[in-house]
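The entries follow the model.

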Amino acid sequence: MALVTSSHAYYTLKIMGDGGEMRVVVTGANGFVGLHTVRELLNVGYDVIAVDIVTSKLQTLFRGNEHCKIHTANILDEDFESLIEEGDKVLHLAAVPRFAEARENPQKAVKVNVEGTLNVIQICIRKKAERLVYSSTGSVYSRNVPIPIREDAAREPDSVYGLTKKQAEDWIIFYSNRLPYVILRYGYVYGKGKDWGAVGAFLKRLKEGKRPVIFGGKQTNDFIYVKDIVQANLLALETSYVRNTFNIGSARATSIKDVCELCIKAMKSDLTMEIKPARAFDFPVFVYDISKAQTLLGFEPKWNLSDGIEDILK
Ligand SMILES: NC(=O)c1ccc[n+]([C@@H]2O[C@H](COP(=O)([O-])OP(=O)(O)OC[C@H]3O[C@@H](n4cnc5c(N)ncnc54)[C@H](O)[C@@H]3O)[C@@H](O)[C@H]2O)c1
């Protein structure tokens, strides 16, 4: 057993392997959440098999690191199977994660998010992977659920993206007697590397000297900094509470208008926000109950919004 303490992390992690280091296969490793997670996995001593259809950022950041093997592969292709070995832990992040892309091309969203996940599950079973950790979303919930949202609230997505993520969850649960899983339903993730959506798009516009645009503004979301998401991913890879689903958020409701104001303040900008009419598909109120993740996973969000935004700008 190796006991490894992360230099910047919040916790001590035990990594147990049969003499060797514990391997984690990360799909979608070249993406926003993937890159942050791979960096921390390497910091705490895992061997990482980083998989993505595009690997340019992985190559720039991690090429030459003997603990990080980078593979350009599609989770839907046969050759993906050769990348998973018995006993591996698999963190499955690869997806079509944007609402607009999923809405405009539902076939592609089903192919990647549903069939892709099913492929990952079946390979994990065949190769006797130790567990599957899956990045799901608050978009699986019905917009009429009681607030704060608990994990047992009704799942009735009203977006193509949410529907495909729900279907992926269902396949994982369907095979749960053959493959231990942990499903993490992330809140609204923001951080360095995501320059779209609230926070990312606001900062980008402000940097360009343009007014940030908000739609409505009163609607709230549960904003969670990507470093807290990384913490949750690592805890899920080690928890003994497998076959469980967890909400991963800050448990704080923040309005889009307040988020935009924080961005303007952090940028010390004189610009004001441009307010456009609210969009029908935004949840009016969204905030998580995270007590299950706190109690069973030991998850504790460390970053409030203003500190997270300052950290992005550093
Ligand atoms: N960012 C958020 O706010 C958020 C919120 C909730 C859930 N999630 C989930 O977290 C995960 C990661 O999201 P992200 O924000 O990092 O997205 P991202 O788009 O930055 O990363 C996804 C990665 O998956 C890769 N990919 C897509 N199709 C693939 C395929 N067929 N084979 C291999 N790789 C493929 C892409 O190239 C990309 O690098 C997704 O599953 C997403 O649904 C994200």
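I call a residue buried under 20% relative accessible area, exposed over 50% and partly exposed in between (1.4 Å probe, protein chains only). This is a predicted model, where local features need pLDDT of at least 70, side-chain atom pairs count only at pLDDT 80 or more, and totals for chains, interfaces and linings use all residues. Residues are numbered from 1 along each chain as its sequence is written, and side-chain values use heavy atoms, with hydrogens and water left out.

Aromatic pairs. I paired rings of Phe, Tyr and Trp (its six-membered ring) with centres within 6.5 Å; planes under 30 degrees apart are stacked, over 60 edge-to-face, the rest tilted. The whole structure gave me ten pairs. I looked at Tyr188 and Phe223: their centres are 4.9 Å apart and their planes at 50°, so I noted a tilted pair. Tyr188 is in strand β9 and Phe223 in strand β12, 35 residues apart. Strands are DSSP runs of E, at least two residues, and helices runs of H or I, at least four, numbered from the N terminus. Both Tyr188 and Phe223 are buried.

Next I checked Tyr225 and Trp303, with centres 4.9 Å apart and planes at 55°, so also tilted. Tyr225 is buried at 3%; Trp303 is partly exposed at 24%.

Charges over rings. I required NZ of Lys or CZ of Arg within 6 Å of the ring centre and within 35 degrees of the ring normal. Lys194 sits over Tyr188 at 4.3 Å from the ring centre. Arg143 sits over Phe283 at 5.4 Å. Phe283 also belongs to an aromatic cluster with Tyr141, Phe286 and Tyr288.

Cysteines. I counted zero disulfides (cysteine sulfur pairs within 2.5 Å).
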